Amino acid sequence: MNSIGKNIKRLRISKGDTQENIAYALNISCQAVSKWENGNATPDISILPLLADYFDITIDELMNHKLNAYTKKDRFVKLLHNSGALVFTDDNYYVNTEKISTNLQFSKIGECFADYIQENSLEYDAIAGLAYHGIGFSSATVFSLYQKYGVTTSYFFDRKVPDSRSRMICGYTPKHGDRIIIIDDIIGTGESLDKRLEYLIKEFGVKIESVIAIVNLKSKRTDGLTGEEYISNKYGTTIHTLISDENIRSLYQ
């Protein structure tokens, strides 16, 4: 089996994907993918950028045997870095999710959130995104839950400015006692998140079951608590993150 064929098969299996999905995404035949993986053919050079995008890696990485060492979290970190959302300074890094701007990037991030929810068997009655960055990520998440897992769920997102009917949310109207998963981009000091959760609980009587973010910056508040500690203590909710500081530094520092 040729090296690139081994890598394609390894990446596909680690992603839990099928040859049919790859073929559909690249608009080629399943037989072509099978031939690559069996070493009977190699992808045309014009296909390499599409394959790299599909697996969230570079073309060099696609052709490199080191790929078998990359975990799902490694590939997610690389997606952030390649998109410009993960930026390194001389002695640290920061995450700017405004750099996530293509449908491919949102699709992959939504898939990671959906995978996390399913793999950790999180319980919920509805999923919510918070304005503004959380709206795109939460939308991508619920799409992926249906497309990849066949899960149908109620979904809503909040507004910072009321609409003509004075509504502050769009989509599903939460019911008293609903268990809500919040999808957001970053856990910082928790101040902005606190205001939105307080409104949802006061207005609808929901329970904030979980908050899932891309990364936790562990920012300290004036009371000495991190944003994660403050939100967890106040609302009795669990904070989850797709990647950690260790995941980032193990790849790039």
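## Basis of the model

Residues are numbered from 1 along each chain as its sequence is written, and side-chain values use heavy atoms, with hydrogens and water left out. Because the model is predicted, local features need pLDDT of at least 70 and side-chain atom pairs count only at pLDDT 80 or more, while totals for chains, interfaces and linings use all residues.

Helices (H or I, at least four residues) and strands (E, at least two) are DSSP runs, numbered from the N terminus.

## Helix α1

Helix α1 covers residues 3-14, twelve residues in total. From its first C-alpha to its last it reaches 16 Å, close to the 16 Å expected at 1.5 Å a residue; the expected span is 1.5 Å times one less than the number of residues. Just after α1, Gly 16 has a positive phi of about 70°.

The buried residues of α1 are Ile 4, Gly 5, Asn 7, Ile 8, Leu 11 and Arg 12. Buried means under 20% relative accessible area, exposed over 50%, and partly exposed in between, with a 1.4 Å probe and protein chains only. The arc is that of the directions from the helix axis to the C-beta atoms. An α-helix has 3.6 residues a turn, so residues three or four places apart point the same way. The cover over the buried residues of α1 includes α2 (19-26), α3 (30-38), α4 (48-54), α5 (59-62) and α6 (72-83).

## Helix α10

In helix α10 (residues 227-235), the buried residues are Gly 227, Tyr 230, Ile 231 and Tyr 235. Down the axis of α10 they fall within an arc of 95°, so they line one face of the helix. They pack against β7, α9 and β10 (238-241). Gly 236 follows α10 and has a positive phi, near 65°.

## The cavity

On a 1 Å grid over the protein atoms alone, a cavity is a set of points where a 1.4 Å probe fits but cannot get out. A pocket is an open set with protein on both sides within 12 Å along at least five of seven lines, and lining residues have an atom within 4 Å of a point. Grid points are joined across faces, edges and corners, and a volume is the space filled by probe spheres set on the points.

The structure holds one cavity of 30 Å³ or more, and the largest cavity contains about 190 Å³ of space. It is lined by 13 residues, of which Lys 15, Asp 56, Lys 72, Arg 75 and Cys 112 are the closest to its centre. Two or more lining residues come from each of α6 and α7 (103-119), and α7 gives the most, with four. By class, the lining has five nonpolar, no polar and eight charged residues. Ala, Val, Leu, Ile, Met, Phe, Trp, Tyr, Cys and Pro count as nonpolar, Asp, Glu, Lys and Arg as charged, and the others, Gly among them, as polar.

The largest pocket has a volume of about 670 Å³. Of its 21 lining residues, the closest to the centre are Lys 15, Tyr 54, Ser 107, Lys 108 and Glu 111. The elements giving two or more residues to this lining are α2, α4, α7 and α8 (133-149), with α7 giving the most, six residues. The lining divides into nine nonpolar, six polar and six charged residues.

The second largest pocket has a volume of about 280 Å³. Its lining has 17 residues, and Asp 184, Asp 185, Ile 186, Ser 192 and Leu 193 are the closest to the centre. Two or more residues come from each of α8, β7 (186-187) and α9 (191-204); α9 gives the most, with four. By class there are six nonpolar, six polar and five charged residues.

## Two strand residues

Val 95 lies in strand β2 (residues 93-95) and counts as buried, at 12% relative accessibility. Val 95 and Ala 85 are ten residues apart in sequence and 5.4 Å apart in space, C-alpha to C-alpha. Neighbours within four places in sequence aside, Val 95 is in contact (heavy atoms within 4.5 Å) with Ala 85, Leu 86, Ile 186 and Val 215.

Gly 171 lies in strand β5 (residues 169-171) and is exposed, with a relative accessible area of 52%. Leaving aside neighbours within four places in sequence, Gly 171 is in contact with Tyr 155 and Phe 156. Gly 171 and Asp 158 are 13 residues apart in sequence and 8.9 Å apart in space, C-alpha to C-alpha.
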